[in-house]
Amino acid sequence: MSKSAAVSKAKPKSDVLTDAEQRVMRVLWSRGEASVRDVTDALADTYPVAYNTVLTLLRILTDKSYVEPRQDGRAFIYRPLVSRSEARTRALKKLVGTFFEGSPTALAQHLIR
């Protein structure tokens, strides 16, 4: 298989946050901005995670345009570009599109039942 064929079969990036990405975003939403160490420390009590894992998640969130980094000395400080409300809207649109053929009415009828 050629490299281009492998790339074309790659799973497309989801615009919706994974559980791990949501945990990182919750820290950023509550603080306004934070370094990788800040996020790692904030998650330590409830969801211990390695520094490198948080760094990877923040790079993914940057690629998805959920956060923006800025350099502060040797550290990078990340701030959210997407509000909690916008993230919910994106997730709801994905849910409606995936399970309800794009129909908000079908979702509402399902919830009523």
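In this predicted model, helices α2 and α3 are roughly perpendicular to each other. Helix α2 covers residues 19-31 and helix α3 covers residues 36-43. Their packing angle is about 105 degrees. An angle of 65 to 115 degrees counts as roughly perpendicular, and the pair is therefore placed in that class. The two axes lie 10 Å apart.

Both helices contribute several residues to the contact. From α2 come Arg23, Val24, Val27, Leu28 and Arg31. From α3 come Asp38, Val39, Ala42 and Leu43. By type, 6 of the contact residues are nonpolar and 3 are charged. No polar residue takes part in this contact of α2 with α3.

Salt bridges were examined next. The count comes to 5. One of them joins lysine 64 to glutamate 21, with the closest N and O atoms 2.7 Å apart. Glutamate 21 belongs to helix α2, whereas lysine 64 sits in the loop between α4 (51-63) and β2 (67-72), so the bridge ties together parts that are 43 residues apart in sequence. Lysine 64 is buried. Glutamate 21 is buried as well.

A further salt bridge links glutamate 68 and arginine 79 through their side chains, at 2.8 Å from N to O. Glutamate 68 is in strand β2 and arginine 79 is in strand β3 (residues 75-80), so this pair ties together parts 11 residues apart in sequence. Glutamate 68 has a relative accessibility of 35% and counts as partly exposed. Arginine 79 is also partly exposed, with a relative accessible area of 37%.

Arginine 37 pairs with aspartate 41, and the closest N and O atoms are 4.0 Å apart. Both residues lie in α3. They are 4 residues apart, about one turn of the helix. Arginine 37 is partly exposed, at 42% relative accessible area. For aspartate 41 the relative accessible area is 46%, and this residue is partly exposed too.

Helix α5 was examined for its length. This helix spans residues 84-99, 16 residues in total. From the first C-alpha to the last, α5 reaches 22 Å. That value is close to the 22 Å expected at 1.5 Å a residue. Just after α5, glutamate 101 takes a positive phi of about 50 degrees.

Note on methods: Residues are numbered from 1 along each chain as its sequence is written. This is a predicted model: local features need pLDDT of at least 70, side-chain atom pairs count only at pLDDT 80 or more; totals for chains, interfaces and linings use all residues. Side-chain values use heavy atoms; hydrogens and water are left out. Axes are lines fitted to C-alpha atoms, for helices over the stretch in contact, and angles run from 0 to 180 degrees between N-to-C directions. Helices (H or I, at least four residues) and strands (E, at least two) are DSSP runs, numbered from the N terminus. Angles under 35 degrees count as roughly parallel, over 145 as roughly antiparallel, 65 to 115 as roughly perpendicular and the rest as oblique. Contact means heavy atoms within 4.5 Å. Ala, Val, Leu, Ile, Met, Phe, Trp, Tyr, Cys and Pro count as nonpolar, Asp, Glu, Lys and Arg as charged, and the others, Gly among them, as polar. The expected span of a helix is 1.5 Å times one less than its number of residues. Buried means under 20% relative accessible area, exposed over 50%, partly exposed in between (1.4 Å probe, protein chains only).
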